Amino acid sequence: MKNNYTYVWVSFIVLVFGIIFIPKIIDRVKSGTIVQNDRLNKEKKADGLSFIILNGEKRKVPDFAFLNQDSLLITNNDYKGKVYVVEFFFTTCPTICPIMNENLIQIQNRFTNFENFGVASFTINPDYDTPKILKEYAEKYGVTNLNWNLMTGASQQIYDLANTGFNIFASQSPNSPGGFEHSGMFALVDKNGFIRSRVDDFGNPIIYYRGAISEKDGVNDHGEKEQIGILIEDITKLLEEK
């Protein structure tokens, strides 16, 4: 008797499922959305990199012009045709900046044979970080890539570039270590000046890469995983793009 009741309930559930869901599945098959969604998911998995879309347009690095560690004027046009990583830092930072730049040195050394790879480092303390200070900092960390520019300029222009141009948080903060606060994220830019990133498990771009956690450490105190490894992978993909 018990088996009969079980059979009846199973049959009822199957019937309800068929009434509710089968018409929807048929409609999706007719409209082609199942095939289309599957194709899009496969494309995302195959490529792994995404453009950052804002107001329906691919997000591009805005124009900028700053002095580098050699007192040369560097603009976004100097990075045309190059894949590069962007960071916002300051030389007297007592917390995350040393980790960020050690990570960037690791990345620099990984791509020494690529003339079309570079780094753009913008100081958020330009009143102190003159070209001379930036030059000393570059020598201290072992910056050798000719396309790695450590740049300084007008404070407002740098903060506009960080907070509006890249949406990478940076601000003066007297209560923070060193007097400044910033996110420690890296942006990845392709040869055409577009900001790119890989997508997460849900198909959404991660947008930025954690720059303040080393591959060696693996995770930080908050349990966040390092992303230098995947950044290196994604730089390689962009260098191979035509």
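**View 1. Cys 93 and its contacts in the predicted model.** Cys 93 touches Pro 98 and His 182, residues up to four places away in sequence being left out; contact here means heavy atoms within 4.5 Å. Cys 93 is found in the loop between strand E6 (83–89) and helix H3 (97–110). Helices (H or I, at least four residues) and strands (E, at least two) are DSSP runs, numbered from the N terminus. With a relative accessible area of 7%, Cys 93 is buried. Buried means under 20% relative accessible area, exposed over 50%, and partly exposed in between (1.4 Å probe, protein chains only). This is a predicted model, in which local features need pLDDT of at least 70 and side-chain atom pairs count only at pLDDT 80 or more, while totals for chains, interfaces and linings use all residues. Residues are numbered from 1 along each chain as its sequence is written, and side-chain values use heavy atoms, with hydrogens and water left out.

**View 2. Cys 97 and the annotated positions.** Cys 97 lies in helix H3 and is buried at 0% relative accessibility. Apart from neighbours within four places in sequence, Cys 97 is in contact with Phe 89, Phe 90, Tyr 137 and His 182. An unreviewed UniProt entry carries the annotation "binding site" on Cys 93, Cys 97 and His 182. These positions span 90 residues in sequence, yet no two of their C-alpha atoms are more than 10.2 Å apart, so they gather at one spot. UniProt positions are given in the numbering used here, feature names are shortened, and annotations may be inferred rather than shown by experiment. The structure holds zero disulfides, a disulfide being a pair of cysteine sulfur atoms within 2.5 Å.

**View 3. Helix H3.** The 14 residues of H3 should span 20 Å at 1.5 Å a residue, and the end C-alpha atoms are 20 Å apart, which agrees. The expected span is 1.5 Å times one less than the number of residues in the helix. The buried residues of H3 are Cys 97, Met 100, Asn 101, Asn 103, Leu 104, Ile 105, Ile 107 and Gln 108.

**View 4. The largest nonpolar core.** This core has 55 residues, and those with the most contacts inside it are Phe 64, Val 86, Phe 88, Ile 107, Phe 122, Phe 166 and Ile 235. Among the elements that each supply at least two residues of this core are E6, H3, strand E7 (117–123), helix H5 (155–166) and helix H6 (228–240). A nonpolar core is a set of buried Ala, Val, Leu, Ile, Met, Phe, Trp, Tyr and Cys residues joined through side-chain atoms within 4.5 Å. With residues up to four places away not counted, Phe 64 touches Ile 74, Thr 75, Asn 76, Tyr 79, Tyr 84, Phe 122, Met 151 and Leu 161.

**View 5. Helix H6 and Ile 230.** H6 has 13 residues and reaches 19 Å from its first C-alpha to its last, close to the 18 Å expected at 1.5 Å a residue. Its buried residues are Ile 228, Gly 229, Leu 231, Ile 232, Asp 234, Ile 235, Leu 238 and Leu 239. Ile 230, also placed in H6, is partly exposed, with a relative accessible area of 22%. Ile 230 is in contact with Arg 198, Ile 206 and Tyr 209, neighbours within four places in sequence left aside. Ile 230 and Ser 197 are 33 residues apart in sequence and 9.8 Å apart in space, C-alpha to C-alpha.
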